[in-house]
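Student: I have a model open and would like to talk it through with you. Can we go topic by topic?

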Amino acid sequence: MAETGASPLPSSSPARTPLARAEQFVWLTARVLEQRRFAYHFLDGGADPVETALSAYRNADEGYGHALEPDLRGPVSQPLHTGHALRVLDSIGRCGGQRVERVCRYLTAVSTPDGALPAVHPAQRGYPAAPFVPIVDDPPSDLLATGPVVGLLHRNQVWHAWLFRATDFCWQAVESLEKSHPYEVHAAVAFLESVPDRPRARAAADRLGRLVREHRLATLDPERPNDYPVSAGYAPGEHHYPHDFAHTPDSLARTWFTDEEMSRSLDFLTSEQTEDGGWPIRWRQWAPSTAMESRPIVTIEALRTLRAYGRSIG
């Protein structure tokens, strides 16, 4: 039998910890990449197996495809897949060097005329995609796709010509927001967390936090979700909570919420673990395979958030 690097846990063991329950869920349902990521983050696994699993999604154009982001199916490279790959590389300390230089060449090739990334490149046409992801022939620049990538490259001190115009686009997009929705705010925060101009980033984050509270984009009381509107186009009940905006205590978004609000949010996150050991997805489910592939990703991030805030996961 091949060695997995983890000891199997009896499914009937009493009072299992959240981590032990999640481990069973991951071995039962996850893709190899998420199995390797879980082992890296929680079982003292190595970074090399994660990178090897991730390489299966890389294409000849140095972008990433093959449904790495589960809601976009098919083999073609996409900005959202490539941003996902960079997040994985960053989480294992491998977001740099020749590998990322090559990724930047892909980003340059698919950028819009103003130097930023579209949410979906039209190469996706003909392959299955979530109905809430529009595919158009001349897509505009999109903060949701560009912000996290720019932030990660700055975080890892990657310097490439692509970054200059993309950074300018993100500043303009973030500082001109008058209304928004949670996923766009997440992208803005990902940009602001690591962009070099820290005073400007803090000022922009403060303004963004006021917008979030004014428009009630964060559900501050999990016991009263109906008091908070769901953004247009989102699934019924697709609320976002303080921990969704501030994944770690040192996030710029952490100051948007009181200690009590964050504590309630983390209590709610803990309670969301389901009987099978995984965490649910809140966005619209449109195909069984996408939901199955997404839940282990969400489960890993839930555990990482709880651990970052000092919550016991086992």
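Student: Which residues have the most contacts inside the largest nonpolar core?
Tutor: This is a predicted model, and in it the largest nonpolar core has 76 residues, among which Leu86, Leu153, Trp162, Leu192 and Trp256 have the most contacts inside the core.

Student: And which helix gives the largest share of this core?
Tutor: That is helix 7, residues 161-175, from which 8 residues of the core come. As general background, nonpolar side chains tend to be buried together in soluble globular proteins.

Student: Back to tryptophan 256, what is it in contact with, leaving aside its neighbours within four places in sequence?
Tutor: Tryptophan 256 is in contact with Val185, Val189, Ala205, Leu208, Gly209, Val212, Arg213, Phe245 and Glu261.

Student: How many aromatic pairs are there in the whole structure?
Tutor: A search of the whole structure gives 7 aromatic pairs.

Student: Where do phenylalanine 245 and tryptophan 256 lie?
Tutor: Phenylalanine 245 is in helix 10 (residues 242-245), while tryptophan 256 is in the loop between helix 10 and helix 11 (259-271), so the pair ties together parts that are 11 residues apart in sequence.

Student: Buried or exposed, those two, phenylalanine 245 and tryptophan 256?
Tutor: Both phenylalanine 245 and tryptophan 256 are buried, and together with Phe257 they form one aromatic cluster.

Student: What lies over the face of tryptophan 171?
Tutor: Arginine 200 does, at 4.0 Å from the ring centre of tryptophan 171.

Student: Changing topic, how many disulfides does the count come to?
Tutor: The count comes to 0 disulfides.

Student: Are they buried or exposed, cysteine 95 and cysteine 104?
Tutor: Cysteine 95 counts as buried at 4% relative accessibility, and cysteine 104 is buried too, with a relative accessible area of 0%.

Student: Last topic, what pLDDT does the protein chain average?
Tutor: The protein chain averages a pLDDT of 95, and 95% of the residues score at least 70. Over residues 9-14, however, the pLDDT is below 50, and this stretch has 6 contacts in the model beyond near neighbours in sequence. Where pLDDT is low, the predicted coordinates should not be read in detail.

Conventions. Residues numbered from 1 in each chain as written. Predicted model: local features only at pLDDT ≥ 70, side-chain atom pairs only at ≥ 80, totals over all residues. Heavy atoms only, no water. Disulfide = S-S within 2.5 Å. Buried < 20%, exposed > 50% of the residue type's maximum accessible area, 1.4 Å probe, protein only. pLDDT = per-residue confidence, 0-100. Contact = heavy atoms within 4.5 Å. Phe/Tyr/Trp six-rings, centres within 6.5 Å; stacked < 30°, edge-to-face > 60°. Helix = DSSP H or I, 4+ residues; strand = E, 2+ residues; numbered from the N terminus. Lys NZ or Arg CZ within 6 Å of the ring centre and 35° of its normal. Core = buried A, V, L, I, M, F, W, Y, C linked by side-chain atoms within 4.5 Å.
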